[in-house]
Amino acid sequence: MMAAGAGRRVPQAKVDKLVISFICDGLHPFSVVEQPAFKDLIITLNPQCHVISRPTLRTRIEEAANQMKKNLMSHLSKVSYVGTTTDCWTAHQQSFLGITVHWIDEETLERQSAALACKRLKGSHTFDVLAAAIDDIHCQYKIRGKVVRTTTDSGSNFIKAFTVFGEHSQDPEESESDQDSSEAPDTNHLVDTFNILQEDNGLEFQLPPHQRCACHLLNLIATTDAAVAEEKNDTYKRLTRSSFAKCQGMWNKSGRSYMAAEIVQDQCQLQLIRPNQTRWNSTYMAIERILRIIEDKGEEAIRNVCEEFRVKMLSSAEIAFLTEYRNVMTPLVKALNILQSETNTHMGWLLPVIFQLQAKLSNLETSSKICLPLIRAIQDGVSKRFGQMMEDPELIAAAILLPKFKTNWTEKADVIEAGLTYVRQQADRMAEVAEHLGQNSSDEEDFFTSMKARRSQGTGELDGYLACISNKMDLLNSFPHIKKLALKLNTGLPASAACERLFSCAGLLFTPKRARIDSNNFENQLLLKLNRKFRE
């Protein structure tokens, strides 16, 4: 009998390439190529080829990773603006810094993304260590001057890194002092230039503007800020603690043994969801599952589970409280789900989502009987954590320059006017630069060119854009200056969930059995997995 594939010869290079793809895409250990069963599989399918060795596989994966990085850098060199997300991750007593990059294709206007690094961090994660690592990766991919915003969580080390090394406008007091010093009489003094050059003050780090992760802030609102409601109302406090205590009893019992899980399955035809301490929406989903069982199977199903678990059954008042709690928290969950999207969400989605969240919470005030303190606490949390963003002209302009929203996402005229003013100023500046580069003119004409550009391009494009009824992204193609500004403002992401997804994939690779893998081999295999479209 002929061996399979004996009639068609596959080149050795092709076999090696497929093996590398198999190892990287499947997150398999390098030792797979040494297993007799794997060798038998390859040789049986193609008797003329031999199986690549483990050291050679490691070398080839490193070469493939380097080529993938070159391809990614070549692609990023053609992009005008990019946004990045970054976060830290710890597993098996080792720490890593993950960075992802995101941009909008200027032709298709579709969101694109890639993983830049999952770099090993040693020592304390101080602000200067993080700043050096982030800046180094930005420089490695030659995007240092293209990053419009970097999104991180609200960790104090990240905040300080971007406060110290991030882009800032000049302080007015410093500007005045500079003017005063220029008018002061010149005094001759000696300066030790050698010590100045030798001094390492970290000024070589250049970080882009910082964006705090909206999902992390919403998570804080749903936990820390929502807990304040218990201090405002004793009835709410009593119902909250009794309801969640009974739910927690069911969650604990259901997760301790397979027999308890079988009881829940038999009685409810569904399993209970156990909350995760690091993700508030898991608590919402756990409450929602209990209420769904009650609505579909009746209270008797939960009562039977409670009797088997020997925990107290939820009272009618507690069920009513949990139902109202779910209704109040639903807008918050939807806002979080929208903002953590990676493919369809732009920076301009942030403020419309927050303003709509406020509107939905206000509408719930009239129908709420028990959870009114919770609504007020969430409203205060939103104002506290997003108040400064809601007044940021750049973020307002980003929403206006998305055809989906334009000026329809808020009724506050002062907010819209602040964004329109910002757009007009930036569009006029772009029109002025474009006209200056497009023609040769005298000094006098060049000096007054902004007046002509302001009348003909900036305001005109904005008015035409706002007058169109289309809400499709391709509308931007009709207004070149508006499109360029829209891409710049909307390239960044409002949340750093993309970095969390990178770490989720990393966790599948960095298992306890592979905890001793070299950090470079780990990063190479992970990046080849996540950046498959940039391999060729």
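Helix H23 (residues 519–530) lies across strand S1 (82–91), S2 and S3. Helix H23 runs at about 170° to S3. Helices (H or I, at least four residues) and strands (E, at least two) are DSSP runs, numbered from the N terminus. Axes are lines fitted to C-alpha atoms, for helices over the stretch in contact, and angles run from 0 to 180 degrees between N-to-C directions. The model is predicted: local features need pLDDT of at least 70, side-chain atom pairs count only at pLDDT 80 or more, and totals for chains, interfaces and linings use all residues. Residues are numbered from 1 along each chain as its sequence is written, and side-chain values use heavy atoms, with hydrogens and water left out.

Now the whole chain. The secondary structure comes to 23 helices and five strands. Of the 536 residues, 46% count as buried. Buried means under 20% relative accessible area, exposed over 50%, and partly exposed in between (1.4 Å probe, protein chains only). Contact means heavy atoms within 4.5 Å. Among contacts between residues at least 6 apart in sequence, 73% join residues at least 24 apart.

Next comes the sheet. Strands of a sheet pair through backbone hydrogen bonds, either parallel or antiparallel. Here, five strands form an open sheet in the order S3-S2-S1-S4-S5, with mixed pairing. The edge strands are S3 (111–121) and S5 (210–212), each of which pairs on one side only. Neighbouring strands of this sheet are turned by 25° against each other on average, direction ignored. Two strands pair if DSSP finds at least two bridges between them.

Look at the S3 end of the sheet. Strand S2 (residues 94–104) is joined to S3 by 10 bridges, and the two run antiparallel. Phe-96 stands opposite Arg-120 in S3. Val-101 has Ala-114 in S3 as its bridge partner. The hairpin of S2 and S3 has six residues between the strands, and Leu-109 there takes a positive phi near 60°. Leu-27 lies in the loop between helix H1 (12–25) and helix H2 (36–45). At 11% relative accessibility, Leu-27 counts as buried. Lys-142 has a positive phi of about 55° although it is not a glycine. Lys-142 sits in the loop between helix H4 (127–140) and S4. Lys-142 is exposed, with a relative accessible area of 64%.

Ser-154 is in a loop as well, between strand S4 (147–152) and helix H5 (156–165). Its relative accessibility is 17%, so Ser-154 counts as buried. Leaving aside neighbours within four places in sequence, Ser-154 is in contact with Ile-159, Arg-212, His-216 and Leu-217.

Turn to the helix pairs. Angles under 35 degrees count as roughly parallel, over 145 as roughly antiparallel, 65 to 115 as roughly perpendicular and the rest as oblique. Helix H8 (residues 214–225) and helix H14 (residues 316–339) pack at an angle of about 160°, with their axes 9 Å apart. H8 and H14 are therefore roughly antiparallel to each other. On the H8 side, Ala-214, Cys-215, Leu-218 and Ala-222 meet Met-329, Leu-332, Ala-335, Leu-336 and Leu-339 in H14. By class, this contact of H8 with H14 has nine nonpolar, no polar and no charged residues. Ala, Val, Leu, Ile, Met, Phe, Trp, Tyr, Cys and Pro count as nonpolar, Asp, Glu, Lys and Arg as charged, and the others, Gly among them, as polar.

H1 and helix H3 (residues 54–76) pack at an angle of about 80°, with their axes 11 Å apart. H1 and H3 are therefore roughly perpendicular to each other. Asp-16, Ile-20, Ile-23 and Cys-24 of H1 make the contact with Leu-57, Arg-60 and Ile-61 of H3. The residues of this contact divide into five nonpolar, no polar and two charged.

Helix H12 (residues 280–297) and helix H13 (residues 299–309) pack at about 125°, with their axes 6 Å apart. That makes H12 oblique to H13. Ile-290, Ile-293, Ile-294 and Lys-297 in H12 meet Glu-299, Ala-301 and Ile-302 in H13. By class, the contact of H12 with H13 has five nonpolar, no polar and two charged residues.
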